[in-house]
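Hi,

Here is the structure I promised to pass on to you.

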Amino acid sequence: MLGIVAAIIDGVLIGSVYGLAAMGLTLIWGVMNVVNLTHGAAIVAGMFALYLLTAAIGLPPYATLPVILVGGFLVGVALYWIAVHRMVDRAHLMSLLSTFAVNLVVIGLGTAVLGTGLFNVPVTLPSVTWQRYTFSGTHILAAALTALIAGLLYLFLYRTRPGKAVRAVANNREAAELCGIPTTRVLSFAFGLGVALAGAAGMLIATMFPFTVLSGDAYQLKSFVVTALGGLGNPAGALLGGVALGLIEGFAAQVMPVSWTLVIEFVLFVAVLLLFPRGVFALRRA
Amino acid sequence: MKDDTTAAIVADRRVPMPRRPFFWIIALVIAAFATVPAVGNNVELRESLLLATVYITLASNLNLMLGYAGYINFGSIVFFGLGGYIGVYLISAHNWPLAAAELAAGVAVSLLALVFGLGILRLRGAYFALATIGINEAVEAFVSNFQPWGGSAGLYLPTTIFAPLGGPMRALWVIYFLLVGVMGLSLYLAYAVKISKFGLGLMAIGQNEDAALVLGVPAPRYKALAYSMSAFLPAIAGGLYFFKSAFIQPSDAFDLGLSTEAMVIVMLGGRGTVTGAAIGAYLYEELRGWLLTSESFSNFQLVVSGALLLLIVLFVPGGLMGWIYGRWPRTKAVLE
Amino acid sequence: MRKLCLLAAIAAFFAGPAAAAGDQTLTIGMTLSQTGSLNIDSLAQVRGSELWRDQVNDAGGIKVGDQRYKIRFVTYDDQSQGGRVQQLYTRLIVQDKAQFLFGPYSSGLSATAAVITEQYGRPMLIAGGAEPKTYTLGNKYLVQVITSADHYLTGAIDALASKNAHAKVALVYSDDPFSKAVAIAAREHAKKSGLSIVLDESYAPATTDFSPIINKIISSSAEALLGGGHYTDGATLARQVHDQKADLKFVSLLVAPDSPEFASLGPAAFGVTVPSQWEIQATYKPQFGPTGAEFVKAFQDKFKVPPDYHSASGYQAGIILQHAIEQAQSIDADKVVAALNAMDVTTFFGRFKIAADAAHHGLQIAHEMVLAQWQKKNGQLEREVVWPTSAQTAGLLYPLH
């Protein structure tokens, strides 16, 4: 019994980071109707940024977070102009394929340069022990930082003008254009923001688990599942969806053989897509 | 799809296949595949052409959904993998003969595709694409846990399976010819669909599904049929391919990378064209094979595939055939 | 004039290879996992083989009658995936004209490659595939130099049982052909030895988050952990077991702890045991080839790191093949296989003898494994052989907590 509670708590902690990762994906999807298939590569980039900054420059691990957020934003904006700008109004197929192509190139370069070995960033933090179960300090801090970033994002989207412009463009691009909002700049801004969030999520994941150049795929898939749960374009939903996924994973692993959790996850994914097209946690929208 | 191509199709829909030049071009390609390696007993060529036939089969069948109906099936490899598993299972556990096992695999997977399809074809665009990934991953995760199929350790076939075909060496040739046959059927199927009323309906769906519905195209039925059709031959190809390997495991059978390569091929060759899928697959397979064994490039195949795809999507969305049609408009009538 | 030059060029092209036949080269083909999750282990294995090749070539080559054959390797990257293995091995045989083959690393990839040997009749020495099933499918050309998977955890279970006859065991292993084969045999043996298995589960090989399964280990009150898979998951599991304070009394993981890299885990590595095909401290008296100490020195000089058992098995594949060729005094595939079938020898790596009957051809039946444990020696983490007691260099540390 205690084991199940411990698993659920740990699941929620890790799940919130999944939610952070998905927030970036869902923001981009909601604002410009583009499914960003470089999402996985952005997550991996965040992981390696943590590794390189701590190993090469000796920055303390958590100090890399602001660097990665800013760097990710700039990379995202550049990526928008290279691969996405021309695709925004075309059929879904084109933007899917172009972001997918960029993903192949980035991962391919990563593999060629860094190899496919396992990388680990040793982060030691005091852990919390309850009964016989231990909650790693890194998991707790990652969840806390996720909450912080999510809060900042909320403030940005709802309390600042640029944030409102982003929401306006997400809501109705033509109307926003008519109101004088520079939609193209907003789109590139939103894309940068999405990539920054993905990079930040990658960095936090790297403080918890080891990774390889190929780790992005698994987290990208999880982001899709979370986005489906939370509804498109709904960052709050994404966070909730992430927590829900973490909870399900943690719980399922305790009551059935661990190898079945992946089956549950993907069946859930397809089921949610079919039954809750707006997401399970979608807010009522006019 | 351009309007004048559609017009051309509408115009000569009633000309039966054997009277069309393209029909004979396909026949020529099949004959070439079958005879060239056999003539010199050129085993190395046969191995690389074998992979090419698999790619062409996957790409042509993917074209039915992607090229004609405009539905992106990211997880199309699930048909190949399931066909492989069913074929290998029937042969190893129940001693079915090769032909029967593969046919059964094809039928079973098409039926399964119909069932899956009826569910997910209600989704549009990116949702559908993601759902196909979800299905592939769910099936892979399930098969990894499914002990009668060996779970994650996979299924092995003893070398005695090659005996009814005349021993391992001869069996390789037999399988190759069968795969060439499957490839040929895929090309003919894609062509037949393209020039039929069914194909016209699919293309209408691809252009604007709502308009097609309004005009009376039975979209849900057509989509389900196309999805199911696109599963049949890849399943048989999977069965034959894994029979040849005498070993199948989930990570090889449900490799998303192969699905995505099929997609790159369809785009590379020219979406919606039969020749495109074939030429694209052949070129891509040769390129990839060369990159893999080349000293300096073996790490770069992903980069090259990605860069190629990006260039096509950004600058030449019609692919190779699109470019050819543009430069030599007369080929449109002959090379479909 | 032009036509004559062209004809001459064509003639030279065809005459070329014929003239080169006087060149005595023996080509050995193999794939290695230059990329992918099996990279670390695969590289170690190939390095062992390369050391052998270089030593043979430096000595002038393998002597057959009055000819000397120098060894040439042709390798391709299999990317740790089965998809291209068959195509690559076919290419090695057909295009690169490999006369002998070394298997890839890992049981899954070895199984895929094995079919090719039957189809083309080339002997393949397998140093990296322990799964026994591959040898039961009817083959004539496979030769396994390492102990098969069903024996891996036998020593660990015996060692554990000697300290705690009714220990509670958690069997947690990677979902891949090799680890599954090990687990099946371990289950049987544990039950026979009186141990109780309180948790028995597999995880996906690419898992990096082991906390759910470690929670289950803690909940099951297990005292010992047996299992793991290959390097990447094994090392991660060891680290997280330590971080989550699972406080186990005995840990035995496959493969990973045998790599010198494992020491980088620091405190998480301490006390972890590993079933090993060979350890530096092994004292087998070789009938031919180098002694253990000579091998270690040569490897260290060449690669600047100590060898692990993967490198040793890669080297073993080389000297066994060499001995078989010398015994058969021929490089003909069938004659060499006949020599391999008849061999019962001891090298620095241990004993070598394969089953020659059709039902199990190629299965290694004489080589034995040892259990090694990471212990502290003069403040440094080092591996000591702790089981069997006849071969031990230090006592087993038990319990760890």
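Chain C splits into domain 1 (25-147 + 283-352) and domain 2 (151-276 + 370-391), with bounds that come from an automatic or database domain assignment. Before going further, some housekeeping: this is a predicted model, in which local features need pLDDT of at least 70 and side-chain atom pairs count only at pLDDT 80 or more, while totals for chains, interfaces and linings use all residues. Residues are numbered from 1 along each chain as its sequence is written, and chains are lettered from A and ligands numbered from 1 in the order in which they are written.

Back to the two domains of chain C. Their centres, taken over C-alpha atoms, are 28 Å apart. Domain 1 of chain C puts 18 residues into the contact and domain 2 of chain C puts in 15; two residues are in contact if their C-beta atoms, placed from the backbone, lie within 7 Å. On the domain 1 side, α2 (39-58) and α4 (107-120) of chain C each supply at least two residues. Helices (H or I, at least four residues) and strands (E, at least two) are DSSP runs, numbered from the N terminus. That side of domain 1 is made up of nine nonpolar, five polar and four charged residues, where Ala, Val, Leu, Ile, Met, Phe, Trp, Tyr, Cys and Pro count as nonpolar, Asp, Glu, Lys and Arg as charged, and the others, Gly among them, as polar.

Next, the contacts between chains. Between chains A and B, 30 residues of chain A are in contact with 32 residues of chain B. The elements of chain A that give two or more residues to this side are α4 (92-114), α9 (216-230) and α11 (261-275), and α4(A) has the largest share, with 15 residues. By type, the chain A side has 24 nonpolar residues, five polar and one charged.

Chain C also meets chain B, with 26 residues of chain C in contact with 25 residues of chain B. Here β3 (67-77), α3 (85-94), α4 and α6 (177-193) of chain C each give two or more residues. The largest share, six residues, comes from α4(C). The chain C side divides into six nonpolar, 12 polar and eight charged residues.

What about the inside? The largest nonpolar core has 342 residues, and A190(A) and Y55(B) have the most contacts inside it. Such a core is a set of buried Ala, Val, Leu, Ile, Met, Phe, Trp, Tyr and Cys residues joined through C-beta atoms within 7 Å. A residue is buried if 20 or more other C-beta atoms lie within 10 Å of its own, exposed if 12 or fewer, and partly exposed in between, with C-beta atoms placed from the backbone. Both domain 1 and domain 2 of chain C contribute at least three residues to this core. Leaving aside residues up to four places away in sequence, Y55(B) touches A262(B), I265(B), A281(B), Y284(B) and E285(B).

Now to an open sheet in chain C: six strands in the order β2-β3-β1-β4-β5-β6, with mixed pairing (two strands pair if DSSP finds at least two bridges between them). β2 (62-64) and β6 (142-144) of chain C are at the edges with a single partner strand each, so one side of each has no neighbour in the sheet. β5 (residues 124-126) and β6 of chain C pair in the parallel sense over three bridges, and I126(C) has Q144(C) as its bridge partner in β6(C).

Further along chain C, β14 (residues 370-377) and β15 (residues 380-387) pair in the antiparallel sense over seven bridges. A372(C) has V385(C) as its bridge partner in β15(C). This hairpin has two residues between the strands, and N378(C) takes a positive phi near 55°.

The peptide bond joining W387(C) and P388(C) is cis, with omega about 0°, and another cis bond runs from Y398(C) to P399(C), with omega near -5°. P399(C) lies in the segment after β15 of chain C. N41(B), in the loop between α2 (21-39) and α3 (43-68) of chain B, has a positive phi near 50°. N41(B) counts as exposed because it has 9 C-beta neighbours inside 10 Å.

Best wishes
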